[in-house]
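Could you walk me through a few spots in this two-part model?

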Amino acid sequence: MKRRAVILGILVLFFVLFPWVIRSDYYQHLMILAFMWVVIGGAWNLLAGYTGQVSFGHAVFFGTGAYTAGLCVTKLGISAWWGMLFGGPAATLIGLFIGWVCFRLRGPYFALATIAAGEIFRLVAINWESLTEGMVGILIIQTFRAKWPYYYLAFFLAAASIFVFGRVMRSKWGFYFVSIREDQDAAESMGINTTLYKNVSLMISSFFTGLAGAFYMNYMAFIDPEVVFSLHYISIMAILVGIIGGVGTIWGPAVGAFVMVFLQETFRSAIFGLAPKWVSESHVLVFGLLVIFVILYLSNGIVGDWPKIQGLLGKGRKVRRLEERG
Amino acid sequence: MSFFEVEEIRKNFGGLMAVDGVSFRVKQGEIFGLIGPNGSGKTTIFNLINQFYPLTSGDIRFQGKSLKGMKTHQIAKLGIGRTFQVVKPLKRMTVLENVMASAFVRVGTFEDARSVALETLEFCNLMDHRNKQARSLPIAGRKRLEIARALATRPQLLLLDETAAGLNPKELDEAINLILRIRDRGVTIIIVEHIMKVIMSISDRIHAINYGRTIAEGTPEEVANNREVIEAYLGESYA
Ligand SMILES: Nc1ncnc2c1ncn2[C@@H]1O[C@H](COP(=O)(O)OP(=O)(O)O)[C@@H](O)[C@H]1O
Ligand SMILES: [Mg+2]
C-alpha cells in the first residue's frame, strides 16, 4: 500500500514537472493527447472491460461532446469552454438513448448495434449542415497559445477520471458491473437490475467520453465529422487503448493510452521521418498485428499481465525461486 | 394466506408442456422437497418462480403477493433466493467478491457488504477459499458458493436446485448439515434433489412430479411408499 503511494507520488511529480523540463510543444502535445486518451480509454473500459458491454461506437459520445462545445460558439455565441460543462451531459443523454435501443441486444449483437449507431451519427453530422456545417467542420479561436494550460487541464481530467473509475469500481455499482459481465442470469437472480446498471455504466462512460470530446474541441480548435465521429480514429482507438493496456483494470487504459499515442505518432510521422512514407500508411496493419500479438501473448493487456511480463524480464523468476525455497 | 403458493402453473415450450398444472403450498420454516425423474420439470418450476420464464398460465404467490409479471431481480429483492443446478459462479471474481456483489442488494457500503459476505462465507465453510478466483473452485465449493451468494441477499425463501449432485459422501453430509443450519436460521427452503438419501432425510414434506404433473405429495414415508413414485423412479417392473 505504501509502495503504491510512493509510486503514485513520483508519477504525479513527473507529470507536473514535465512541461517545465520538456519545453517542446511537440512533446507536450503528445502528452495532452495521451491524457485525453486516458479518459476515453478508461470510460470505454468501464462499459466494455468491467460491465462486459463491448462498444464499437464510442465516437458517438466523443463527437457529441466535441460538437456540443463547437455549437456553443457557432450557435450560442458563447465560449467553447461551456462545452466542458454541457458536453458530458449531452453525451450522457445520447448514451441513454443508445442504451435504450441497444441494450435489448446481448453480446456481439450489442457490439454490432454500437457500430451502426456510430455510423449513423457520423452521417447525420455530415449531412445536417444547417447545424454542424457538415464536412466544412467547425473552426474556433484557441483561448491559449501556449500548451501548458491545456496540458494541466488534460492531466487533471485524466487523473480525475482514474480517481472516479477507481471509486466506482469499489462501490456497489462496480460490483454490479462485474457481476453483469460475468453472468447476467446469475446477476439478475442475485437481485441486480441488469438493464438499469448497464445503463448506469453507459451513462458514466458516455459522460467522460463526451467531456474528452469537449476538451478536444477547445484544444484542437477544429473538428469535422470524419475525425470526431470516426470509427477508425475514435471508436477503434478506444478499444485498442483498452485492450493493449488491459481491460477490466483501472490502470490498464492509462498505460494503453500512452502506448497507443506513442505508436500512432511513431507511424504517423513514419518513425520520426527516418523511414519511407509507406510506413506511415501501414499503421493500420501494424495496429492489427499488435492486437493479434496482445491477444495471443498478453490477453490481459500490459497491466493485466504485468506479473507475466515481469517473469519474462527475470524479476518474477527470482520471486518464484524464493518461494520455492520456503 | 399461505407463505408461498403455486397454483395450477403451466409452462409450454413450443408444444412441450414442461410443467402441466402443478399446485403446492409451502409453510413458513419448512423444508419442502420437490422430486421427479430427469426432465420432469423441476428446474422449470424454479425458473417460473423467479420469472426467468413467463408463466403460460396459473399463478405464484409469495406472502399473498402474485409474482406474475415481475422481473427476476425484483423477486430476489422480495426475498426469494435461488441456486442453479448448472452452477453460475462469477468466474473472474474472487469468492468473497461473488458474495459481496449479492450482499450489496441489501446494504449500501463496501464495509457492510464485506462484513455480510464474510459472515456468510464463514457460515458456508468457504472462508479458506475467500481470496480464490471463483473459477478455480472445485465443484463442491462452487455448489456452496451458489448457496452463499443466495444467502447474502437475506432470502426468506430459498430455492435449492440439486446442490448435492456430484458430491462425494463426506461433502454430501456437509451439504445436508448446511441446509439444516439454513433452515434453523428461519429460512424456508424448497429443495430439488435427485439423491433420495438427501431429500428423504431432510424434507418435512415432499411433492413428486413426473412429466410436469403432480403424482404425489406428503411426508417422506408417504411419498416413498407411493406406487406412482416408485414406478416413475424404478420403472413399472418394480412396482
Ligand atoms: N428453455 C427451454 N426450452 C425448451 N424446453 C425446455 C427448456 N427448459 C426445459 N425444457 C424442457 O422441459 C422439460 C423439463 O426440464 P427441466 O425442468 O430442466 O427438468 P428437471 O429439472 O426436472 O430435470 C425437459 O423436457 C426439458 O427438455
Ligand atoms: Mg433440473
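This is a predicted model: local features need pLDDT of at least 70, side-chain atom pairs count only at pLDDT 80 or more; totals for chains, interfaces and linings use all residues.

Residues are numbered from 1 along each chain as its sequence is written, chains are lettered from A and ligands numbered from 1 in the order in which they are written, and side-chain values use heavy atoms, with hydrogens and water left out.

Let's start with the sheet in chain B. Four strands make an open, antiparallel sheet, in the order E2-E1-E4-E5. Strands here are DSSP runs of at least two residues (E), helices are runs of at least four (H or I), and both are numbered from the N terminus. Strands E2 (16-26) and E5 (65-66) of chain B are at the edges with a single partner strand each, so one side of each has no neighbour in the sheet. Strand E4 (residues 57-62) of chain B pairs with E5(B) in the antiparallel sense over two bridges; for a pair, DSSP has to find at least two bridges between the strands. In E5(B), Lys65(B) is the bridge partner of Phe62(B).

Staying in chain B, look at the loop between helix H1 (42-49) and E4, where Asn50(B) lies. Asn50(B) is buried, at a relative accessible area of 3% (buried is under 20%, exposed over 50%, partly exposed in between, with a 1.4 Å probe and protein chains only). Beyond its neighbours within four places in sequence, Asn50(B) is in contact with Ser189(A), Thr72(B), Ile75(B) and Arg82(B), contact meaning heavy atoms within 4.5 Å.

Now for the helices. The axes of H3 (residues 95-103) and H5 (residues 139-151) of chain B come within 7 Å and cross at roughly 30°. That makes H3(B) roughly parallel to H5(B), a label for angles under 35 degrees. On the H3(B) side, the contact is made by Val95(B), Asn98(B), Val99(B) and Ser102(B), and on the H5(B) side by Leu145(B), Ala148(B) and Arg149(B).

Last stop, chain A: Val303(A) belongs to helix H16 (residues 301-304) and is partly exposed, with a relative accessible area of 26%. Leaving aside neighbours within four places in sequence, Val303(A) is in contact with Gly245(A), Thr249(A), Trp251(A), Gly252(A) and Val255(A). Ile243(A) is 60 residues from Val303(A) in sequence and 10.0 Å away in space, C-alpha to C-alpha.

Terms used: Axes are lines fitted to C-alpha atoms, for helices over the stretch in contact, and angles run from 0 to 180 degrees between N-to-C directions. Angles under 35 degrees count as roughly parallel, over 145 as roughly antiparallel, 65 to 115 as roughly perpendicular and the rest as oblique.
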